[in-house]
Amino acid sequence: MSASAIERMKFDDALAAFEPVLGLETHVELGTASKMFCSCSAEFGGEPNTHVCPVCLGLPGSMPVVNASAIESTIRMGLSLNCSIASWCRFARKNYFYPDMPKDYQVSQYDEPLCVDGYLDVVVATDDGPREFRVEIERVHMEEDTGKLTHAGGDTGRIHGADYSLVDYNRAGIPLIEIVTKPIVGAGELAPLVARAYVTELRDLMRALGVSDVRMDQGSLRCDVNVSLAPSGEPWGTRSETKNVNSLRSVERAVRFEIERQAAVLSGGGRVVQETRHFHEDTGETTSGRSKEHAEEYRYFPEPDLVPVAPTSDWVEELRGTLPEVPSVRRARLQAVWNISDLEMQTLVNAEALDLVESTIDHGVDQAAARKWWTGEFTRIANEQGIALTDLPVTAAHIARVEELIADGSLTDKLARQVFEGVIAGEGDVDAVVQARGLVVVGDDSTLLAAIEQALADQPDVAEKIQGGKVQAAGAIVGAVMKATKGQADAAKVRTLLLEHLGVDG
Amino acid sequence: MANITREQVQHLAHLARLELTEEETAHYTDQLSAIVEAVEHVSEVAADDIPPTSHPVPMTNVFREDVARPGLDRADVQAGAPSWEDDRFRVPRILDED
């Protein structure tokens with residue numbers, strides 16, 4: 001793609017002139033064992049076209065049957081989003097011709113979603129401290145995922161210019177839940193952050209429910225971002241719909257970009273086209289996809305092959321009893337237990353380190369140390385490697401062992417970092433790395449004293465200064481000893497020994 | 001006779017990806033008009049207290065346990081495919097029509 005020709009208005013100027021309105025449509029692939037309407041495996045991946053059967057291939061005469069667990073998961077999702085659960089609802093056929101669905105329709109829900117009218121409270125950090133927003137949920141409905149297309153021929157691998165496409169139907173029919181918000185208004189300049197906080201909170205909620213692995217990188221959580229700008233004095237503008245934004249950061253960036261782009265269009269006297277747009281990770285821009293000028297006609301009608309779903313209130317209440325602690329409540333609880341500040345908690349949340357820190361503390365590690373490792377060293381390494389913190393091969397048990405070794409004086413912080421470097425590089429567990437790399441504190445006094453004496457002999461003027469009362473000059477000697485011991489000494493201990501040796505009070 | 005137009009038939013044909021000749025369009029315009037007219041008789045007898053029927057049998061909650069079972073052998077899947085490449089269904093280029 002060539003350098004951008006898309007005009008943008010500065011974010012602050014855009015916000016001064018227009019009020020952004022957001023809408024978020026989030027798709028969650030359920031982690032059920034089998035598909036929505038047939039018994040094929042719903043596992044991610046697999047050899048192409050090996051998780052398929054007559055039902056999900058749309059072969060004539062095949063009949064779908066609803067997966068009970070998918071219904072339960074959807075009801076639990078709805079309840080956790082404070083929705084009402086329909087006492088009776090139907091599936092609908094959404095008719096369209098596209099090879100990602102071999103039936104030429106997708107079974108979905110149309111005007112009778114299983115869950116309606118909920119909300120999710122999210123918190124964003126502002127200069128004036130945390131601010132809470134209530135994002136209202138319009139509906140939560142069930143549908144089936146589609147097959148995966150690979151565009152072949154041509155030279156770009158993209159749909160444009162492809163000669164033909166190849167289809168793998170393993171994913172077709174996997175239960176997919178769509179969560180649609182009501183228009184989010186009034187967020188102003190916080191709109192990009194609210195969008196991100198909402199998707200983050202939703203993801204954490206789904207994870208706590210255990211209904212999905214909610215991996216944006218693998219597509220089990222996908223987000224469509226609708227943005228419009230209301231010109232001053234008007235309630236709504238025309239919206240764009242940016243499809244399949246697949247990271248939390250991209251959600252924020254896509255909203256921001258659309259605000260800047262639409263503001264430039266509107267202030268230049270143009271009009272925003274209602275269309276589908278695609279987000280590009282590399283440039284942070286969106287580009288125009290299919291125009292919705294010719295609105296799709298899906299000709300929805302009730303799915304005749306599936307009978308209505310009518311959850312009894314007993315069933316719904318039983319499922320309500322299985323809801324886990326809501327992530328925001330859990331965060332408040334952990335923050336109180338660990339006795340840490342809002343800012344420290346926010347740091348953990350932003351680093352996506354909450355679960356990791358909790359499990360590390362459960363392994364007996366002090367909370368401050370657990371937080372320090374995960375939000376400091378490990379976050380830095382994960383960022384460097386471009387992977388998620390959870391994908392680092394470091395475990396709570398590793399940290400617990402290293403902290404033991406620090407406590408008994410056989411590792412310093414600096415050496416501990418080298419141990420983790422080894423663990424992450426796959427050199428084995430903590431003790432194996434310590435052994436193989438020879439990482440132990442040089443603790444024995446005679447070795448340290450010998451190094452101290454050598455350093456004093458090398459720098460007689462420093463020795464004089466220290467003896468003359470300039471204790472801060474000791475740093476030069478400590479530095480030399482650390483160097484001589486290749487950093488494997490405890491600097492504080494070296495300093496104490498040095499001052500004792502010279503007969504000076506620290 | 002119900003008022004189905006040629007334009008409506010052509011639009012439907014496009015949605016169904018059917019290419020109709022002039023003759024066929026005229027033919028289906030007449031046919032569809034007759035069908036719609038016949039269906040309209042239903043609304044003459046359906047009173048306000050009779051809800052539309054989507055399912056003839058009054059059943060709800062027909063579910064299956066969430067247990068995964070092996071599907072078709074891929075060789076059988078391939079046997080039913082008009083075109084196949086690299087273990088996948090091969091389909092014509094998609095976005096020509098936009």
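How many bridges pair β6(A) and strand β7 (residues 129-144) of chain A, and in which sense? β6(A) and β7(A) pair over eleven bridges in the antiparallel sense; two strands count as paired if DSSP finds at least two bridges between them. Helices (H or I, at least four residues) and strands (E, at least two) are DSSP runs, numbered from the N terminus.

The model is predicted: local features need pLDDT of at least 70 and side-chain atom pairs count only at pLDDT 80 or more, while totals for chains, interfaces and linings use all residues. Residues are numbered from 1 along each chain as its sequence is written, and chains are lettered from A and ligands numbered from 1 in the order in which they are written.

Within chain A, a hairpin of two residues links β6(A) to β7(A). T126(A) has G129(A), in β7(A), as its bridge partner. Strand β6 (residues 115-126) of chain A is also joined by two bridges to strand β3 (residues 84-85) of chain A, and these two run antiparallel. Here S84(A) is partnered by V116(A) of β6(A). The domain assignment, which is automatic or taken from a database, divides chain A into domain 1 (22-240 + 296-319), domain 2 (327-437) and domain 3 (445-502). A distance of 65 Å separates the C-alpha centres of domain 1 and domain 3 of chain A.

Chain B contains three helices and three strands, in the order α-α-β-α-β-β along the sequence. Its radius of gyration, taken over C-alpha atoms, is 22 Å, well over the 13 Å that the globule rule (2.2 Å times the number of residues to the power 0.38) gives for 98 residues, so chain B is more spread out than a compact globule. The C-alpha trace of chain B spans about 55 × 45 × 25 Å along its principal axes. Of the 98 residues in chain B, 8% are buried, a residue being buried if 20 or more other C-beta atoms, placed from the backbone, lie within 10 Å of its own.

The two chains meet through 41 residues of chain A and 31 residues of chain B; residues are in contact if their C-beta atoms, placed from the backbone, lie within 7 Å. On the side of chain B that touches chain A, β1 (63-64), α3 (74-79) and β3 (88-92) each supply at least two residues. The largest share, five residues, comes from β3(B). This side of chain B divides into 13 nonpolar residues (Ala, Val, Leu, Ile, Met, Phe, Trp, Tyr, Cys and Pro), 13 charged (Asp, Glu, Lys and Arg) and five polar (the others, Gly among them). β3(B) is also joined by four bridges to strand β9 (residues 164-168) of chain A, and the two run antiparallel. In this pairing, V91(B) of β3(B) stands opposite S165(A).

Note on methods. A residue is buried if 20 or more other C-beta atoms lie within 10 Å of its own, exposed if 12 or fewer, and partly exposed in between; C-beta atoms are placed from the backbone.
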